[in-house]
Amino acid sequence: MTSASDVMTFDHAAAMGLSRDEWNLINSRLGRVPNQCELGIFSAMWSEHCSYKSSKKWLKTLPVDGPQVIEGPGENAGAIDIGDGLAAIFKIESHNHPSFIEPYQGAATGVGGILRDVFTMGARPVALLNALRFGEAGHEKTRHLVGGVVGGIGGYGNCIGIPTVGGEVNFHKSYNGNILVNAMAVGLANSDRIFRSAATGPGNPIIYVGAKTGRDGIHGATMASAEFSDETESKRPTVQVGDPFTGKLLMEACLELMASDSVLSIQDMGAAGLTSSSVEMASKGGLGMEINLDLVPSREEAMSAYELMLSESQERMLMVLKPDATETARAIFDKWDLDFMPIGKVTETGRLVLLKDGGIACDIPIAPLVEDAPEYDRPHDAAPERAVLRSDTLSNDRPISAVLREMLGHVDLASRRWIYEQYDSQVMADTVAGPGGDAAIIRVHGTQRGLAMTTDCTPRYVEADPKTGGMQAVAESYRNVCAVGAKPLAITNNLNFGNPEKPDIMTQMVQSVIGMGDAARHLDTPVVSGNVSLYNETDGKAIQPCPVIGMVGVLDNLDKAVGNRFVAAGETILVVGQNDTQSDGWLGASLYASHYGSDTIYAPPPVDLAAERRHGEFIRDQIDNGTISAAHDISDGGLAVGLAEMAMRGGLGASIHCPDGGDRHGWAFGEDQARYIVTTTDAASLKAAAASAAVEIVEIGTVMRDEQLKFGDADTISISALVDAFEGCIPDLMA
Amino acid sequence: MQAIVNISLKEGVLDPQGRAISHALGDLGFGEVNDVRVGKQIHLDIDEADPARLRQRVARMCETLLSNTVIEDYNIVIPNED
Amino acid sequence: MTVSAMRVAIIVFPGSNCDRDMMVAIEQLTARRPALVWHKESTLDAVDLVIIPGGFSFGDYLRCGALAGRSSIMNAVLDHAARGGAVLGICNGFQVLTETGMVPGVLMRNAGLKFACRDVDLTFGETMNSPFTSGFEAGQIITIPIAHNEGNYFATNDELQQLEDNGQIALRYCEGKSFGASNPNGSAKDVAGVLSSNGRVLGMMPHPERAMSTLHGNQDGAHFLKKSLEALVS
């Protein structure tokens, strides 16, 4: 085993995940061979996870500005102005590799980490969401992974007292060996009291607060940058263990501290622990740091400099305080029973100097760690061409209701109640709309305003056509936020892809980022934060690409919010974004095709961004003036599934006119974009308004008191039969 | 000195966690398992040299905090005690 | 005295999460902000009602409510209860009440072994005279959300019989409009809320502070708390 005194060679560097070019660059930047601790610091900072070396070039093409943006990508989280002197601060982050190895702790520490990213900016977290991908339902590991991940998310979020209000879950065989666990947190702060991480003021004290440092997760950042193989079992010790109680104490102490006007800069210790926090804080401030590692609170004996710098022990923060604020701050942390230890000072040297055991354990310039981090332009191809699936080659004469019942009873669409009832979605008593709605809604505490939020991605679309898939993820989030009556403001993104060293995977990433950027520009939802997770492959087989979008919007008057359930018998049901001649639908890359078609990948439904915007604004206007009583975006499973969801949630039925001729299954299950199902008592006004707004709209039926769904004259199914299929699937899977 | 406190659920108190573990063992091929009950073990490092006094003090700790005597029993083990 | 002149104190432990929620609820009903009392205090000013809120006090370490129950402030709360003072324990607060013996029984892990957050329907029992139940008829049903991992009420059969005979079972889980099994956690005799032997202390698992308004989609919690406060001042 390597010890601190060994002379480092390329072999040591390779074991830490560095390439020969990177090793040579380090030697040339230092003018000498690095020691073990210094090499470990370079390997962590230049890992994919910390440096974004494969994705940076493309992330720079995303729109990050707008009048609503206070802080874009680059800080711990993004911040947007939501009016009234308030800012929403949010980010999404992945914890994929640790969650596959130890699902409960991997997911729990993912939640803990994203919460720290938000409160480190001075925002009290108000909501958690997540985006999960598991292997197929029948796979031997799926039950264990689902149970562990859901348990871990709930275990952490519930204990720390932040409601988990929304999310999405998909099951697909491409995730059999690589699950995806992305956690999103949203917080609120006063716009003029947002804290940033740039170190400032040479001579100012650097303080370590929170839990003690142990050997957890050493080299977790490099694990996240590597594929899994059969050796994965032996990686077990590198998973961190979270403590949500300490997380809660740390959050309260930090928020109290920030209110006391003592903090100059602060960052949480996440991936690569003390290394990334100290380096990033110093780098952003254009300064240096001198840290005495002997002072770092540790709970293990004889930790080396390397171990102290790379440990990923949870629930720790690094701060620069105002010079005379140390005692005020110490009193706050003593009250909350947390370690508070000045461990060093900010310097002007631009170097990271670490002292240990009376000597210097590390002395390196900071600039190469961040600014000189490699940035690759990895080779990529054009996206594969896909044929358009003609719906009549696939659909048949089976009654719509029979197909609907089957689809609702399948894990792709079935109720996620088994999952979300394990999350406390109501703590803080400000949840206006929790899991099950199109978007979650949280009241801005003490006001009549609200935040709407959602996570979305359709991986099968991204696989079929990455650019369209990237656009669609943004478009669907946009629809979900509009459907509750909120104005979309900005997004955070979590790119989850396979091995970027393979051109076809790189193509997926490049094209989906381009599509995402197009959509974000058109819909005025700039990217304010995000995360990238690569190398999600097992034994060479990659996941279905999954660029997740987390979107936040604002509602000015919560009384006007609407839900996605039928509310009253007699109301008219219409589809916005569809005209009365449409008698077919887009089945390519649809759920219907994945259930009833072949494995051939067909083109996904095209995304018309101008239509998405026009329709979204129309929907919001008509919700705001009270004409629309309920709205539901049409996505997976198409129109019939959307209708069934509204009926089941509302406990009311519907009678639907189906078009004569055409392709019934295409019409019922096609996943054409930019559409919403809406209900109203005043169809005439709604149609007139649509005409003025150049928005297509068609009346398709009526809400009924009878708890049945009726398609045309002869095809009827009881709501209770649908509910049995819908609610029974996942509990049966997890029993 | 060291003391180890073993805390277990009283007879007759339902243990759903134990039951779930028993079923899981059965599913894994350990059909010979009849019953499982889950308890906890607390290790204490105490400044006390006299075993009798140690035992007395630890019993007091159990009665006051470590064990919920409504539903739990406890026993105290002093390693290396003769 | 009117409800608006009531003095209410909410105890806060490290890890309490629902203290602010309860403070907002009480302020909504009394137009007066209740005091938040930190667990390290050793005295309690004279109050009409002490509330022990929900959350994960001390991380639920050792047993839920075990460490909080032995916290410094609890001596003052016990004295207040011994003098006939009113105490309301919600969720983790109910766990603290059982750990201190202020109400009988124990809250154990949910029989389904999973955290449960959802609406439940509750029916009022035939109870002794208590400010927490006097505003309701026996058999009356309300719907309140739960959110807990350890809400499975246990007491010996003899104790349960005694509680029933004395009219100490304030609330039971029952059939109603909420989705899912009527008893969400396996509680003996479907017990959701229990009174002390003098009827002045109530421990309950559901969270009334989460059902206070149209924005919550449910006002049964406001109704319950309002009746309790009114009974306490009359």
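**Briefing: chains A, B and C of a predicted model**

Chain A has 25 helices and 28 strands; helices (H or I, at least four residues) and strands (E, at least two) are DSSP runs, numbered from the N terminus. This is a predicted model, in which local features need pLDDT of at least 70, side-chain atom pairs count only at pLDDT 80 or more, and totals for chains, interfaces and linings use all residues. Residues are numbered from 1 along each chain as its sequence is written, while chains are lettered from A and ligands numbered from 1 in the order in which they are written.

**Chain A overall**

- The radius of gyration of chain A is 26 Å, close to the 27 Å from the globule rule for 735 residues, so chain A is as compact as a globular protein of that length. The radius is taken over C-alpha atoms, and the rule is 2.2 Å times the number of residues to the power 0.38.
- The C-alpha trace of chain A spans about 85 × 50 × 45 Å along its principal axes.
- Of the 735 residues in chain A, 62% count as buried. A residue is buried if 20 or more other C-beta atoms lie within 10 Å of its own, exposed if 12 or fewer, and partly exposed in between, with C-beta atoms placed from the backbone.
- Among contacts in chain A with a separation of 6 or more, 85% come from residues 24 or more positions apart. Two residues are in contact if their C-beta atoms, placed from the backbone, lie within 7 Å.

- Strand 12 (residues 351-356) and strand 13 (residues 359-365) of chain A run antiparallel and are joined by six bridges. Two strands pair if DSSP finds at least two bridges between them.
- These two strands of chain A form a hairpin with two residues between them. In the turn, A:Asp357 has a positive phi of about 50°.
- A:Leu352 has A:Ile364 as its bridge partner in strand 13 of chain A. A:Lys356 is bridged to A:Gly359.
- Strand 9 (residues 288-292) of chain A pairs with strand 12 of chain A in the parallel sense, over four bridges. Here A:Met289 has A:Leu352 as its bridge partner.
- The covered face of strand 12 of chain A holds A:Leu352, A:Leu354 and A:Lys356. Its uncovered face holds A:Arg351, A:Val353 and A:Leu355.
- In a regular strand the side chains alternate between the two faces of the sheet.

**A helix pair in chain A**

- The axes of helix 22 (residues 638-650) and helix 25 (residues 719-734) of chain A come within 10 Å and cross at roughly 100°. Axes are lines fitted to C-alpha atoms, for helices over the stretch in contact, and angles run from 0 to 180 degrees between N-to-C directions.
- From helix 22 of chain A, A:Ala644, A:Ala647 and A:Met648 meet A:Ile719, A:Leu722, A:Val723 and A:Phe726 of helix 25 of chain A.
- By class, this helix contact has seven nonpolar, no polar and no charged residues. Ala, Val, Leu, Ile, Met, Phe, Trp, Tyr, Cys and Pro count as nonpolar, Asp, Glu, Lys and Arg as charged, and the others, Gly among them, as polar.

**The sheet of chain C**

- Chain C has an open sheet of nine strands in the order 2-1-3-4-11-10-9-6-7, with mixed pairing.
- Strand 2 (35-38) and strand 7 of chain C stand at the edges, each with a single partner strand, so one side of each has no neighbour in the sheet.
- Neighbouring strands of this sheet are turned by 25° against each other on average, direction ignored.
- Strand 9 (residues 169-174) and strand 10 (residues 191-195) of chain C pair in the antiparallel sense over three bridges. C:Leu171 has C:Gly193 as its bridge partner.
- Helix 1 of chain C packs on the sheet, touching strand 1 (8-12), strand 2, strand 3 (49-52) and strand 4 (86-90) of chain C. Its direction makes about 170° with that of strand 1 of chain C.
- Helix 6 (residues 220-233) of chain C lies across strands 3, 4 and 7 of chain C, at about 105° to strand 7.

**Contacts between chains**

- Of the two pairs of chains that touch, chains A and C have the most contacts.
- That contact takes 19 residues from chain C and 20 residues from chain A. Strand 6 of chain C gives the most to the chain C side, with three residues.
- Eight residues of chain C are in contact with eight residues of chain B.
- Chain A and chain B do not touch; their nearest C-alpha atoms are 11 Å apart.
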